[in-house]
Amino acid sequence: MNATPGPATPRVPALSNDLPGAEHARDLPEAGYARDPLGAEHAHDLPESGHARDPLGADRARVPELMEAVSAYAVRILDGLDDRPAARVPVRPEPAPLPGAGIGLERAMEVFATRWEPGFAAGPGPRYLGFVTGGATPAALAGDWLTGTLDQNPTSGLDSLAPDLERETVTWLRDLFGLPREHEGVFVSGATMSNLAGLAIAREWLGEVRGVSVAEEGTAALGPVTVLSGSPHSSVAKALSVLGLGRSAIRRVGVLPGREAVDVDLLARELERLDRLGGAPAIVVANAGTVNTVDFDDLRAIAALRERHPFWLHVDAAFGAFAALSAGHAHLVAGLGEADSVCVDLHKWLNVPYDSAVQFTRRRNLQVRVFRNAAAYLTPLGEDPDFVHLTPENSRRLRALPAWFTLAAYGREGHAEIVRRDIDLAAGLGERIAAMPAYRLLAPVRLNVVCFTLASTPDRIDEVADAVTGSGEAFLTTTVHDGVPALRAAFSNWRTTEADVDRVAKILAEAAPRP
Ligand SMILES: Cc1ncc(COP(=O)(O)O)c(C=O)c1O
């Protein structure tokens, strides 16, 4: 090995928040970025590090100090989050060819810090209010760092306690959301996968009722399937496509006047109609927190319909499940535990880094039928099947660790405080917007999202979105609600405060187009 330890203190890349885009990388002639974006040609300028000959060997000899440098760099990013532009208008850097010999971690970090990082959004920052986006609490971030450090594969319990930590975390989450013991959960990558897994189990249930196993015989054996829902999230259609049930399986049921919540009487009528057509049970996707206006279906009333009609009740509570943590809003998710399957995202309001969600179901036996993975070297199913038999993935990261850390560090109370504060902040922004003549709210602020548009020219709302993004002050996403172009400000970050709401209100006031 040619590795010779380099200088005692590795260089920590300078942060370049004020660089508007990667084109500035080309203003650094000594780095040779334009010709050689990774500066690989210049690696031989560091003779003492031995990088040119064996960058991996050189790095192996310096792991602790390199990790200190990465940590210092990460800390500087975190310290700058409040001032970093909430979003960037992407400017792509020059393409770079695959490095041949590589440039070593230290140099790679410098190139990343110049060429890519300036174009990254302050996604975990306090005024990133687009989509429904959480940040990462300190403990969650630590858990994420340690996930990569320990690099466990929780697929099976053959070699490690990692799956048991995951089981403990799932139990904590079940308690956090007030679900009954019959609900067993698994970690998946996001709410889309959670919806997909829930609907896959629902599909198997339909097969059970019709006397076939879809897992064994395929969807062709099942026949047509109807999925009833008032305002389903787009990921439900995607899941149905992947599951071979087809996007057109969704039958939209009417919503209550001026609402996104399903009209339960109309749902009952649809179920009766299906009964009359031959009694093939359906899947009902109920929504606990719609994206535009955070409306909630009446879960109890929907669950009660099962006394008259058999159906599988899947609840998409991607972020709405967190209403359970606020005494004033817990009624919105009353009945959640009666669902057959439940989707909850964690990279939203639990404030763990991407990617993390949980999927609960009462019918683990059906889940196993769908996802079991038999191989001579894997564990048998047994009483308490390993995760390899429970989710679409086989090998994967120990996704539970960031959630475990944040729940251990801040507990139910700490997370309830985040939820209550975000709800208050959303209400506060809603009041400020309602008081601005330029804007009008499109729905009451029920939980953590403010949905609004321009009072007289809604079709110009994109101009507001662009001005807000361009200012770097905040990031809000556009939508169309009930046919009206609109903006949404979604609060789910642990860092956000009143002062941020002031800044968002100010930029919105400035961004309203002059007539
Ligand atoms: C209600 C609901 N369901 C599902 C999803 C999909 O979540 P993900 O993008 O994490 O897969 C979202 C995302 O915003 C959502 O709000």
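Q: Contact means heavy atoms within 4.5 Å. With that in mind, which residues is Ser194 in contact with, leaving aside its neighbours within four places in sequence?
A: Keep in mind that this is a predicted model. Ser194 is found in helix α6. Leaving aside neighbours within four places in sequence, the residues in contact with Ser194 are Val188, His314, Val342, Cys343, Val344, Val358 and Gln359.

Q: Is Ser194 buried or exposed?
A: Buried means under 20% relative accessible area. Ser194 has 0% relative accessibility, so Ser194 counts as buried.

Q: How many Å separate the C-alpha atoms of Ser194 and Gly470?
A: Along the chain, Ser194 and Gly470 are 276 residues apart.

Q: Where does Thr391 lie, and is it buried or exposed?
A: Thr391 sits in the loop between α11 (364–371) and α12 (400–434). Its relative accessible area is 2%, and the cut-off for buried is under 20%.

Q: Which ring does Arg396 lie over, and at how many Å from the ring centre?
A: Arg396 is one of the residues that Thr391 touches. Arg396 also lies over the face of an aromatic ring. That ring belongs to Phe387, and the distance from its centre is 5.5 Å.

Q: How many aromatic pairs does a search of the whole structure find?
A: A pair of aromatic rings is described by the distance of the centres and the angle of the planes. Searching the whole structure for such pairs gives a count of 10.

Q: Why is the pair of Trp404 and Phe405 edge-to-face?
A: Planes over 60 degrees apart count as edge-to-face. The ring centres of Trp404 and Phe405 are 5.3 Å apart. Their planes stand at an angle that makes the pair edge-to-face, namely 80°.

Q: Which strands hold Tyr439 and Phe452?
A: Tyr439 and Phe452 form another edge-to-face pair, 5.5 Å centre to centre with 85° between the planes. Both residues are buried. The pair links distant parts of the chain, 13 residues apart: Tyr439 is in strand β8 (residues 439–441) and Phe452 is in strand β9 (residues 449–454).

Q: Which residues do ring pairs link into a cluster?
A: Aromatic pairs can also join up here, with ring pairs making a cluster. Its members are Tyr73, Phe112 and Phe120.

Q: Which element gives the largest share of the lining of the largest pocket?
A: The largest pocket has a volume of about 910 Å³. Of the 33 residues that line it, Ala74, Ile77, Leu78, Leu141 and Trp145 are the closest to its centre. Two elements give two or more residues to this lining, α2 (63–79) and α4 (138–150). The largest share, 7 residues, comes from α2.

Q: How many residues in the lining of the largest pocket are nonpolar?
A: By class, this lining includes 7 polar and 4 charged residues. The number of nonpolar residues is 22.

Q: Which element gives the most to the lining of the second largest pocket?
A: This pocket has a volume of about 740 Å³. It is lined by 37 residues, with His233, Ser234, Thr290, Val291 and Asn292 nearest its centre. At least two lining residues each come from α6 (191–210), α8 (234–242), β10 (477–481) and β11 (484–490). The element that gives the most, with 4 residues, is β10.

Q: How many residues in the lining of the second largest pocket are polar?
A: Here the lining has 12 nonpolar and 7 charged residues. The polar residues number 18.

Q: Is His415 buried or exposed?
A: His415 lies in helix α12. Leaving aside neighbours within four places in sequence, His415 is in contact with Thr137, Leu325, Leu350, Thr406, Leu407 and Tyr410. Its relative accessibility is 1%, so His415 counts as buried.

Notes
Residues numbered from 1 in each chain as written. Predicted model: local features only at pLDDT ≥ 70, side-chain atom pairs only at ≥ 80, totals over all residues. Heavy atoms only, no water. Phe/Tyr/Trp six-rings, centres within 6.5 Å; stacked < 30°, edge-to-face > 60°. Buried < 20%, exposed > 50% of the residue type's maximum accessible area, 1.4 Å probe, protein only. Lys NZ or Arg CZ within 6 Å of the ring centre and 35° of its normal. 1 Å grid on protein atoms, 1.4 Å probe; cavity = no way out; pocket = protein on both sides within 12 Å on 5 of 7 lines; lining within 4 Å. Points joined across faces, edges and corners; volume = space filled by probe spheres on them. Nonpolar A, V, L, I, M, F, W, Y, C, P; charged D, E, K, R; others polar.
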